[in-house]
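Please look through the structure below before reading on. The paragraphs after it go from the whole chain down to single residues.

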Amino acid sequence: MPGDESPPPAPLARAEQFIWLTARVLEQRRFAFHFLGGDADAVDAALGAYLGDDGGYGHALDPDLRGPLSQPLHTAHALRVLDGLGRCAGQRIERLCRHLTGLCTPEGALPLVRPAPHDHPVAPYHPVRDDPPGELLTTGPVVGVLHRNRIWHAWLFRATDFCWERIETLRHSHPYEVQSAVAFLDGAPDRSRAAAAADRLGRLVRERHLVVLDPARREEYAPAPGYAPGELLFPYDYARRPESLARSWFTDEEMRRSLDFLAAEQQPDGGWPVRRRAWAPGSSLERRPIATLEALLTLRAYGRPIGTVSPPAPGRPR
């Protein structure tokens, strides 16, 4: 009978089934920590499997770079995980900074992809060069997280100067580079300088149409050069949390529409889609649980209802 129909499962319950079905151990452990009251030690142990002897992270921690080699993109991913655990400190981070010192350019910046002695598979949109330049795309997120956690190292002074110079002179950019700039600015110690830089960057994003302000009209927006069809960014992609400096770039209505769109993007299998170009089955499969975690954390940060699930052990979500 129609009156006996059960309500559909809440977004979190649907996502949980997707995570258990498809995710790597690391994403399973992160989901349990953030939403089921799971232990941070379990996440830390899973992340440790990607740690190399050189102090960096490899083994496809970022699904777009395969093989064992430590890469800056893996480091950025690892630091986001550790930051979420409240464990971005200690000898591990000191060793990581020494590792990054050996990878950086003379100006202190990190390359996008470090040349490998062997040809390990890499996403085609991450070109491998013999002498790669430093990139804000990799340097900004790493430096921003380290500053937010009050880490100081000799390399950081040069890397910080690189980020300031690159951000404050940006005239042309693309969405992912802007995301990296925001990651730096949200952690930069000089808050007044960061606010001024963010204000200018926000105007550039709107003037250059680097964000879809109305998801209902997204077909009117063209992806940035080199991006896949439909690879567009929305306000929530820049302001993942309401305290981000990028939140001021958007009106309440623009933010509401984008969060409505994000909530509606959950797929029938419980996961969220990945809009970037699919280039390898394993990479695409591994990235969807990451996107799903990011969507849930963003929705929760903005107070959107995602439901609850029964934790396997005493604890509360983080």
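The radius of gyration used here is taken over C-alpha atoms, and the rule for a globule is 2.2 Å times the number of residues to the power 0.38. For 318 residues, that rule puts a compact globule near 20 Å, and the chain has 20 Å, so the two agree. Keep in mind that this is a predicted model. Along its principal axes, the C-alpha trace spans about 70 × 45 × 35 Å.

What is the chain built from? It has 12 helices and 0 strands. Reading along the sequence therefore gives one α after another, in the pattern α-α-α-α-α-α-α-α-α-α-α-α. Of the contacts with a separation of 6 or more, 66% are between residues 24 or more positions apart. Buried residues make up 50% of the 318 in the chain. The accessible surface comes to about 15,100 Å², and carbon and sulfur atoms account for 53% of that area.

Leu170 sits in the loop between α7 (154–168) and α8 (175–185). Apart from its neighbours within four places in sequence, Leu170 is in contact with Leu136, Glu177, Arg200, Leu201 and Leu204. Take Arg200 from that list: it is 30 residues from Leu170 along the chain, and the two C-alpha atoms are separated by 9.5 Å.

Now turn to the charged side chains. The chain has 39 positive and 40 negative ones, and the centres of the two sets lie 2 Å apart. How many salt bridges does the structure hold? There are 27 of them.

One of these salt bridges joins Glu254 and Arg206, with the closest N and O atoms 2.9 Å apart. Glu254 belongs to helix α11 (residues 252–264) and Arg206 to helix α9 (residues 191–207), so this pair ties together parts that are 48 residues apart in sequence. Glu254 is buried, because its relative accessible area is 9%. Arg206, at 32% relative accessibility, counts as partly exposed.

Glu253 and Arg257 both lie in helix α11, 4 residues apart, which is about one turn of the helix. Their side chains meet in a salt bridge, at 3.7 Å from N to O. Both ends are partly exposed: Glu253 has a relative accessible area of 35%, and Arg257 has one of 25%. This pair also takes part in a network of salt bridges that links Asp214, Glu253, Arg256, Arg257, Asp260 and Arg304.

Arg241 is partly exposed at 45% relative accessibility. Glu243 has a relative accessible area of 56% and is therefore classed as exposed, since that class begins over 50%.

Technical notes. Residues are numbered from 1 along each chain as its sequence is written. This is a predicted model: local features need pLDDT of at least 70, side-chain atom pairs count only at pLDDT 80 or more; totals for chains, interfaces and linings use all residues. Side-chain values use heavy atoms; hydrogens and water are left out. Helices (H or I, at least four residues) and strands (E, at least two) are DSSP runs, numbered from the N terminus. Contact means heavy atoms within 4.5 Å. A salt bridge is a side-chain nitrogen of Lys or Arg within 4 Å of a carboxyl oxygen of Asp or Glu. Buried means under 20% relative accessible area, exposed over 50%, partly exposed in between (1.4 Å probe, protein chains only). Accessible areas come from the Shrake-Rupley method with a 1.4 Å probe; for residues, only the protein chains shown count as cover. Lys and Arg count as positive and Asp and Glu as negative; His and the chain ends are not counted. The place of a charge is taken as NZ of Lys, CZ of Arg, CG of Asp or CD of Glu.
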